[in-house]
Amino acid sequence: MMTSQLNLQISYNIRQIMTIFFLVVFILLYLVSLIIEPFQLVDVCFFLLILFIFFLSRKNYVINAGTLTLVYSRLSIKDIISNCKYSILYSTLAVVFLSLSGILNIYDPQGTGLSLGFNNVNQLGFYLAFLAILFTFRIGEQNSMITLKYNRYNITFLVFVVIFEFLIIQDNTAGVMVLFFYLASLFKTIANYLKPLIIILPIVLTIFAYWAGFHYFQYHFLETIDSIVTRRIFIWNHYLTNFPLTKFGTNRQADPNFINGAFDGAYIYYGIFYGIVILSVLLIGLALTNYKLVKSNQVILLILIISLEIVGFSENALFAYVQSPGLIFAFLGYFPGYFRRDNTIEENTLYRRRS
């Protein structure tokens, strides 16, 4: 709900108080988890890494996401997926209800698209696409292996979402995310031939995004790609030209006078505003997660994360922990053994105690 129009109606000071409140909640949850499972060496190392990056960058984002990851590291993959599915479902329904009730606007603040209470059409499109995928997940009781289940309800919802994405709100990125996920799940055996590329996919996408942003006016084919991703590359060129990359990002705000201040594309956005160091930590974490999922043959979860990584090329949801588990999975990649096939609450705890 923090990405809805409610956020625009709240003052900066209140948003800061909310940020501190959520951080305190994360810390309390983690302290409660220590009653069940004692502090482990991996927790200490990760905690020190987060503190080190935080004191260098002074970004609240780092300490919030890091503390939340420590909480999630105590849960099974099944619980993380379930948490994301139902929190996004209930929040989306609440925002849509507030919109249809007249409390929030049906259209985005610019009045250019149907957003049903969210700040922009892309946020609504992403949440619906993500839910359409998660509602087909079946996660084993005895292990964390994910398979897909289809019934008339989730198939109907899936068809509705695809039609809604492409024809009504015209959010092509979210629509492509859904289509890519299900096509990839049908032809998942091809992944065996693409393992090296899959592992480094987020790094490859990042390199291409920066290359395209810096060379936008030098190659005609980039303009063609730019038209497909709704002028993202043109926007990147503007920000890369006016916001030079630094170790820990800039404190300047997005330019409100440039295309309504719009700036999408996780690899570019987080590189500029959070810096090369934080972006590198996230990319290495995603690569580690991809590698571990390939190794443990967690194909469906791997396809989900790849889908988020592809969306990250043109949207910010990949690293926005209030929108998707992409950042959490990136950080969990640093935890030895987390993405094993037998990752249940009990097995995860036993593994951590043995290690």
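A residue counts as buried when its relative accessible area is under 20%, as exposed when that area is over 50%, and as partly exposed in between. The legends below apply these terms to a predicted model.

**Figure 1. Tyrosine 61 and tyrosine 321 form a tilted pair of aromatic rings.** At 10% relative accessibility, tyrosine 61 falls under the 20% limit and therefore counts as buried. Tyrosine 321, with a relative accessible area of 22%, is partly exposed. A pair of aromatic rings is described by the distance of the centres and the angle of the planes. There are 37 aromatic pairs in total. In the pair shown here, the centres of tyrosine 61 and tyrosine 321 lie 6.0 Å apart and the planes meet at 40°, so the pair is tilted. Distant parts of the chain are linked in this way: tyrosine 61 belongs to helix H3 (residues 60–72), whereas tyrosine 321 lies in the loop between helix H13 (299–311) and helix H14 (326–332), 260 residues apart.

**Figure 2. Ring pairs join aromatic residues into a cluster.** Both Tyr61 and Tyr321 belong to the cluster.

**Figure 3. The charged end of lysine 85 sits over the ring of phenylalanine 135.** The distance from this charged end to the centre of the phenylalanine 135 ring is 5.2 Å.

**Figure 4. Helix H5 is largely enclosed by the rest of the structure.** The helix covers residues 121–134. Of its 14 residues, 13 are buried, which is why H5 is described as largely enclosed. At 1.5 Å a residue, a helix of 14 residues should span 20 Å, and the end C-alpha atoms of H5 are 20 Å apart, in agreement with that value. The N-terminal end of H5 is capped by asparagine 120. A side-chain oxygen of asparagine 120 lies 3.0 Å from the backbone nitrogen of asparagine 122.

**Figure 5. Helix H7 has buried residues that are covered by other elements.** H7 runs over residues 172–186, and its end C-alpha atoms are 21 Å apart, which agrees with the 21 Å that its 15 residues should span at 1.5 Å a residue. The buried residues in H7 are Ala174, Gly175, Met177, Val178, Phe181, Tyr182, Ala184 and Ser185. Their cover includes H5, helix H6 (152–168) and H13, together with strand E1 (137–139) and strand E2 (146–148).

**Figure 6. Phenylalanine 208 and isoleucine 225 are in contact.** Phenylalanine 208 is placed in helix H9 (residues 201–214), while isoleucine 225 is found in helix H10 (residues 220–228). With 29% relative accessibility, phenylalanine 208 counts as partly exposed. Isoleucine 225 is also partly exposed, with a relative accessible area of 23%. Apart from its neighbours within four places in sequence, phenylalanine 208 is in contact with Leu222, Ile225 and Phe313. Phenylalanine 208 and phenylalanine 313 are 105 residues apart in sequence, yet their C-alpha atoms are 9.3 Å apart in space. Isoleucine 225 touches Phe208 and Ile233, when residues up to four places away in sequence are not counted. The C-alpha atoms of isoleucine 225 and alanine 212 are 9.5 Å apart, with a separation of 13 residues in sequence.

**Figure 7. Threonine 230 and arginine 231 have positive phi values.** Most residues other than glycine have a negative phi. In threonine 230, phi is near 50°, and in arginine 231 phi is near 65°. Threonine 230 is found in the loop between H10 and helix H11 (232–242). Arginine 231 also lies in the loop between H10 and H11. With a relative accessible area of 43%, arginine 231 is partly exposed.

**Figure 8. The whole chain gives the setting for the close-up views.** The secondary structure comes to 15 helices and 2 strands. The radius of gyration of the chain is 20 Å, close to the 20 Å that the globule rule gives for 355 residues, so the chain is as compact as a globular protein of that length. Along its principal axes, the C-alpha trace spans about 55 × 50 × 45 Å. Of the 355 residues, 51% count as buried. Among contacts with a separation of 6 or more, 70% are between residues 24 or more positions apart.

Methods
Residues numbered from 1 in each chain as written. Predicted model: local features only at pLDDT ≥ 70, side-chain atom pairs only at ≥ 80, totals over all residues. Heavy atoms only, no water. Helix = DSSP H or I, 4+ residues; strand = E, 2+ residues; numbered from the N terminus. Buried < 20%, exposed > 50% of the residue type's maximum accessible area, 1.4 Å probe, protein only. Contact = heavy atoms within 4.5 Å. Expected span 1.5 Å × (residues − 1). Polar contact = N/O pair within 3.5 Å; in protein donor to acceptor, adjacent residues only side chain to side chain. Phe/Tyr/Trp six-rings, centres within 6.5 Å; stacked < 30°, edge-to-face > 60°. Lys NZ or Arg CZ within 6 Å of the ring centre and 35° of its normal. Rg over C-alpha atoms; globule rule 2.2 N^0.38 Å.
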